[in-house]
Amino acid sequence: KSACSQILREAGFQVFDCDKECHAYLKIDGLLYQRVIDLLGTSILSEDGTIDRKKVADLIFSDLELKKKYEQMFHDELKVQLKHEIASCELFIAEVPLLFETGFNELFDEVWLVVCDEKTAVKRCMENRNMSEMEVLSRIRTQMSVELKKEKSDVLFENNGTLDDLRNQIMQASKGLKKDGTARKAPVSN
């Protein structure tokens, strides 16, 4: 989904990045900094007082109940922000992880889904996020199946090929979108 968002940005569209917003919530002066420490404890802090996202991931992916509580904090805040952003413009494109799992798909007029086969997804996460194969597979297993996501989506992009292949698909689909914000609202998910 990040490649799709980047292609849309390069074409002149503004794309709201939910992950980036959530990372800002974790900064020392961030919206959820203290609440996350209250939930997970001070062991997640680095020496400089910042939240170590790797330590957080290790904790929440080993305890599904804790993961639910952690994610719910972010989803509640993000939903408020998304509603505000959507109301402020005609065209709103967002890169939204866990779109269907959070119910955020209900906020949008159209859903674009970017998919690739599991082998490709694992390889990319290992290369781009410095994760082990086990970590990647564990995260994939906690998400809704790709088949169910496909059923719930309006536009599907296959991302097993080259970046140019994906770019061609996206540019074709985005022809109906107007950069001045006078078209439909569509999130990008995977």
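**Close-ups: salt bridges and a helix pair**

Going by a cut-off of a Lys or Arg side-chain nitrogen within 4 Å of an Asp or Glu carboxyl oxygen, the count here is 10 salt bridges. Keep in mind that this is a predicted model, where local features need pLDDT of at least 70, side-chain atom pairs count only at pLDDT 80 or more, and totals for chains, interfaces and linings use all residues. Numbering starts from 1 along each chain as its sequence is written, and side-chain values use heavy atoms, with hydrogens and water left out.

**View 1. K54 pairs up with E135.** The closest N and O atoms of this salt bridge are 3.1 Å apart. K54 sits in helix α4 (residues 53–60) and E135 in helix α8 (residues 133–141), so the bridge ties together parts that are 81 residues apart in sequence. Helices here are DSSP runs of H or I with at least four residues, numbered from the N terminus. K54 has a relative accessible area of 47% and E135 one of 25%.

**View 2. K150 meets E158.** Here the closest N and O atoms of the salt bridge are 4.0 Å apart. K150 is partly exposed at 28% relative accessible area, and E158 is partly exposed too, at 36%.

View 3. Salt bridges with shared partners link D164 and R167 with E10 in one network. As for accessibility, D164 comes out partly exposed at 48%, and R167 partly exposed at 24%.

**View 4. Helix α3 packs against helix α5.** The axes of α3 (residues 33–40) and α5 (residues 64–87) come within 11 Å and cross at roughly 165 degrees; axes are lines fitted to C-alpha atoms over the stretch in contact, with angles from 0 to 180 degrees between N-to-C directions. That makes the two helices roughly antiparallel, a label for angles over 145 degrees. On the α3 side, R35, V36, L39 and L40 make contact (heavy atoms within 4.5 Å) with L66, K69, Y70, M73, F74 and E77 of α5. Sorted by class, that contact has seven nonpolar, no polar and three charged residues, with Tyr counted as nonpolar, and Glu, Lys and Arg as charged.

Note on methods: Parallel < 35°, antiparallel > 145°, perpendicular 65-115°, else oblique. Buried < 20%, exposed > 50% of the residue type's maximum accessible area, 1.4 Å probe, protein only.
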